[in-house]
Protein chains: 2
Amino acid sequence: MADPVLPSSGVLSPLGLDAVRPAPGFWGDRIALNREVTIAHCQEWMEREGWIGNFRGERPRRGREFSDSEIYKLLEAMAWADHPALPELAQTVARAQEGDGYLNTRWSGSRYTDFEWGHELYCYGHLIQAGVARLRTHGEDVLTEVAVRAADHVCRRFMTTTETCGHPEIEMALVELYRATGAERYLEMARRFVDRRGLPALGEIPFGRAYFQDDVPLRQAQAFRGHAVRALYLACGAVDVAVETGDEELLKAVEGQWERTVARRTHLTGGMGSRHADESFGDDYELPPDRAYSETCAGIASIMLSHRLLLATGDVRHADLAERTLYNVLATGLALDGRSFFYANPLRVRVPAVPVEGVNHSAEGGLRSPWFDVSCCPSNIARTLASLPAYVAAADRDGVRVHHHTPGEIRHGGLALRVETGYPWDGAVTVTVLEDGEGRIALRVPAWADGTEATFAHHGVVRPVAPGYAEADGPWRAGDELRLELPMRARWTFPDRRVDALRGTAAVERGPLVYCAESVADEPPLGDLAAAVEPPREHVVDGAVELEVRARLGVPDGGGWPYAAAPGEAPDGQEAALRLVPYHRWGNRGPATMRVWLPV
Amino acid sequence: MADPVLPSSGVLSPLGLDAVRPAPGFWGDRIALNREVTIAHCQEWMEREGWIGNFRGERPRRGREFSDSEIYKLLEAMAWADHPALPELAQTVARAQEGDGYLNTRWSGSRYTDFEWGHELYCYGHLIQAGVARLRTHGEDVLTEVAVRAADHVCRRFMTTTETCGHPEIEMALVELYRATGAERYLEMARRFVDRRGLPALGEIPFGRAYFQDDVPLRQAQAFRGHAVRALYLACGAVDVAVETGDEELLKAVEGQWERTVARRTHLTGGMGSRHADESFGDDYELPPDRAYSETCAGIASIMLSHRLLLATGDVRHADLAERTLYNVLATGLALDGRSFFYANPLRVRVPAVPVEGVNHSAEGGLRSPWFDVSCCPSNIARTLASLPAYVAAADRDGVRVHHHTPGEIRHGGLALRVETGYPWDGAVTVTVLEDGEGRIALRVPAWADGTEATFAHHGVVRPVAPGYAEADGPWRAGDELRLELPMRARWTFPDRRVDALRGTAAVERGPLVYCAESVADEPPLGDLAAAVEPPREHVVDGAVELEVRARLGVPDGGGWPYAAAPGEAPDGQEAALRLVPYHRWGNRGPATMRVWLPV
């Protein structure tokens, strides 16, 4: 079956990519854009920057020490999208592999001399994921052979050592290769990589060992910490190992870390990672919007982890967080043109970004860029969108659970369904049964729908539903219809008082979307305002719902010493209408200031 | 005259180090500690780390590319302190100088191949400052000769090029060498370095050219920006050039940038620099306490700039900021033992630091460390404390202005004064005239004394005084007494509403000192509280005034999704007494959490 994650056990089972056929809509459009535009865009830039040329032996070698991984993520995207450029690119990669399976364009002459920063095993991880994608969508070919040879080399070289890589990734890749081939050495190698981390297995670095999760063994950690992408990839691998080895303790450890991280270290958008200096999680409740790092790749890693935990536990909270992150991080990372990307996703931008031609040497948020020096995010977006149907629904023993409401067809077991919806703009989800059949149909009622008077209609009855699932059992006749109504109303959301940087502010959400005030050109400035907490007005602009709230602006002044003997007064300048756009659409109108959290 | 800054014109003139003789007290104790402990501590660590050995040709070379500068800052400290270890260390340096004056242990074989990061001119800057210090305290010797040869090499090599250094510093050093020697080429070279910056003169780097102030010419900038130490050192050099060349436009540009920076980019402590990633200023009002970087060296650079602007303009606001920064950054950077240092000075620490043995590879604040990989701060503290008497008072045409109230003797022109005070713990400052004489005596009334009913007594009259100066004219008879009373009461201070990260909080100050809540071991936790805005209680502990405020604590919970449909309630757990310590004393009781800004 074609799917990026195929656990051998768990409360839920993936349906496989072929079981979900997206139609035009929020995600269907992006999946098509990715296949038609983004994948080729990534390949062009990897050629232009010389990262593909590295595999042809072109000198001097170009790009950072981990640039090989970008080609592998692109190959994974191509595999899921059945893209015609894959075979030739795979051949280019294959020719660079050495006789014993070693493959790295940077470290070929000095193998494994820098585990902290070398990224060799990290690169293999992405290569193996590409190979698994190809195996499951096409069957054996040159790419799958390269991946298997590399994995076998890794098992021979590292099975009995105490070493590991500074950047986790290979762990989940090896488990998936085990799932795809049945060869237990891959699972055993992954298990050992997870267990030896934190003993410690790596050297000291200026950021400290927590940066690469080598400070304590994973089972003993309390929350995700250090570099966010590293922490989340490691957690994915740990869940995969736990599921395949029946290691309940390990699974519980990751779930506990997830709980605390979601409660204390996650931005409203679902974005993870507060700090720019080391792209890391902050301490508990350290969530300043200004410098929210919220790397696109960390959002993707969080979606990957949510998916694994959802399948393993069936806990619908993981689908809720995945939805939040899909709409507010993944969708934000890609411009509407499919050719430019955010690396960091701050929740506040005080100064409009200065447009950059070509490669953006800075990864700060502000304006989407076509490419970066460290360009991990574009190819990560590409592989995720190419495999996105795998996240839409899952199966349990009774039938199908639809987690993400997107138009298209879903087929599994005795069920063939057509989903029609304008989600996330509109909350009506209509499911039509296409063929006579059996089985339970469960539609997720998102956590955000709490208190919205959501209803579920089927078999001629309409009933209120609460967050969780709206479920109905068959038998079904072709033409039967189920209808979930999730009232879409903009709502104000307030932060926990322990998040210092958000005290006295509120944000607006609507359905799964976080909104933000955006100001371009002569629109009202966002630096000094107090918004009225009233129901926002709605406007439809280019098919998207925009909102408007009233705010009192401050009277501009030069400012003196900004600390005084009395509390500051509220702004008492003119009243203005603030335009709120979905956070994922911000930055598409040119350089702008932006804020998610509004002083109220 | 012995003084680190001797402008040839300006509203105020320095008195010279010999004119101010500090007695035991807040600063006198630290000046003595520095001379007796800190200077030797720095030399020991520079030997241990091999940075002095680099000058002896020991291989492999050790330390970062700018480590030579640490030896030069230490030599400057030794010169001001007339330390006996100077001559031998200066000889070691001299032997490494090449025939044409070039001197750098890192780049000797590849001179001037990396202006962005090489730091060669930066290192010369510190060498020249050391040479000037030696010239003014001792006269010509091997150190002054090395410095002059290096400066002459720089003038020959760079006078007609378009190049400059990625790290400003040499500009102010060359102006001071001009002041010390009268050789105009040094001033001209400094002027050219200031003017060519921002044309641009350097290459693009990932942080962007603003990092090293090469984005726009200095005259066009609106505020200090980029790497804080770089920005402030450059501003010092620009003021020096402006004063010596009579360039009013340049001086006004720096003053304007200072105004905006103080109004919008400065922490309550006077600390400058918000961001860890590039040790830089943030955008306007981006002043989160959590990640306040506030590098000790940036505080020192700000004190250096305040001093220059005070002398040039006579504007007492520069003395106010200098006082704030002296007491809350410089004094914070050095532990009470004189052997350990803060590099970063955050205003909030959520998780107690883990003690590190030996070199601290991380420069995060939390626990003072004996040494760092980049150990710019210890030697910067050493040279500043060694020359601190120069900052205490200045002269105008009428007499003496005392800017910093510290016990000791001050002699200038017809005035000989003894100052007695327990400042900053006590606000009474008694000045006794030691010899019959003439001249105005002006005592600074700090900005913080506004509204405190401060009084000034002399010639038998007592009158209220407002911030600025309390002044009295002679003639004076030996034994005459003047008495400034600055009532010391703890006061609550509130942030400008535009500083998002501080909304809903207040801090406590007392005199020039910022206070913070510190929690070690089983003291009340600081993560979730609401403080009562009432007059704090005072306690004297080890000669320092500590404060106590009441706060309501939150009931601990595991936490769920930290964003909700209703505003969070105030903490309603137990009431506790919070211990507030002077910010400069925090972290001396072991690993602790800390916060300056308290939710109220």
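A salt bridge links the side chains of A:D500 and B:R348, with N and O 2.1 Å apart; the term stands for a side-chain nitrogen of Lys or Arg within 4 Å of a carboxyl oxygen of Asp or Glu. The structure is a predicted model, in which local features need pLDDT of at least 70 and side-chain atom pairs count only at pLDDT 80 or more, while totals for chains, interfaces and linings use all residues. Residues are numbered from 1 along each chain as its sequence is written, chains are lettered from A and ligands numbered from 1 in the order in which they are written, and side-chain values use heavy atoms, with hydrogens and water left out.

Back to the meeting of the two chains. Between chain A and chain B the count is 12 salt bridges, and over all chains it comes to 130. Another pair is A:R497 and B:D528, whose closest N and O atoms are 2.6 Å apart. This pair joins two chains, because A:R497 sits in the loop between β14 and β15 (505-510) of chain A and B:D528 in the loop between β18 (513-519) and β19 (529-531) of chain B. Helices and strands here are DSSP runs (H or I, at least four residues, for helices; E, at least two, for strands), numbered from the N terminus.

As for the interface as a whole, 60 residues of chain A are in contact with 61 residues of chain B, contact being heavy atoms within 4.5 Å. About 4800 Å² is buried between the two chains, and carbon and sulfur atoms give 51% of that. Buried area is the accessible area (1.4 Å probe) that two parts lose on being put together, summed over both. On the chain A side, A:R497, A:W561 and A:Y563 lose the most area to chain B, together 16% of what that side buries.

There are also 24 residue pairs in polar contact across the interface of chain A and chain B, with both residues at pLDDT 80 or more. A polar contact is a pair of N or O atoms within 3.5 Å; within protein, one must be able to donate a hydrogen and the other to accept it, and residues adjacent in sequence count only if both atoms are side-chain atoms. On the side of chain A that touches chain B, the elements giving two or more residues are α9 (248-264), α11 (317-333), β14 (490-495) and β20 (563-564). The largest share, four residues, comes from β14(A). By class, that side of chain A has 26 nonpolar, 14 polar and 20 charged residues. Ala, Val, Leu, Ile, Met, Phe, Trp, Tyr, Cys and Pro count as nonpolar, Asp, Glu, Lys and Arg as charged, and the others, Gly among them, as polar.

Now for chain A on its own. It is divided into domain 1 (13-392), domain 2 (397-485) and domain 3 (493-599), with bounds from an automatic or database domain assignment. Taken over C-alpha atoms, the centres of domain 2 and domain 3 of chain A are 36 Å apart. Four residues of domain 2 and 11 residues of domain 3 make up their contact. These two domains bury about 560 Å² between them, 70% of it on carbon and sulfur atoms. In domain 2 of chain A, 95% of what that side buries comes from A:P424, A:W425 and A:W448 together, the residues that lose the most area to domain 3. Between the two domains there are zero salt bridges and one residue pair in polar contact. The side of domain 2 that touches domain 3 has four nonpolar, no polar and no charged residues.

A few local spots in the backbone are worth a look. Most residues other than glycine have a negative phi, and most peptide bonds are trans. A:E453, not a glycine, has a positive phi of about 60°, and is found in the loop between β9 (440-445) and β10 (455-458) of chain A. The peptide bond from A:G474 to A:P475 is cis, with omega near 0°, and A:P475 is in the loop between β12 (468-472) and β13 (481-485) of chain A. In chain B, a cis peptide bond joins B:G474 and B:P475, with omega about 5°; B:P475 lies in the loop between β14 (468-472) and β15 (481-485) of that chain.
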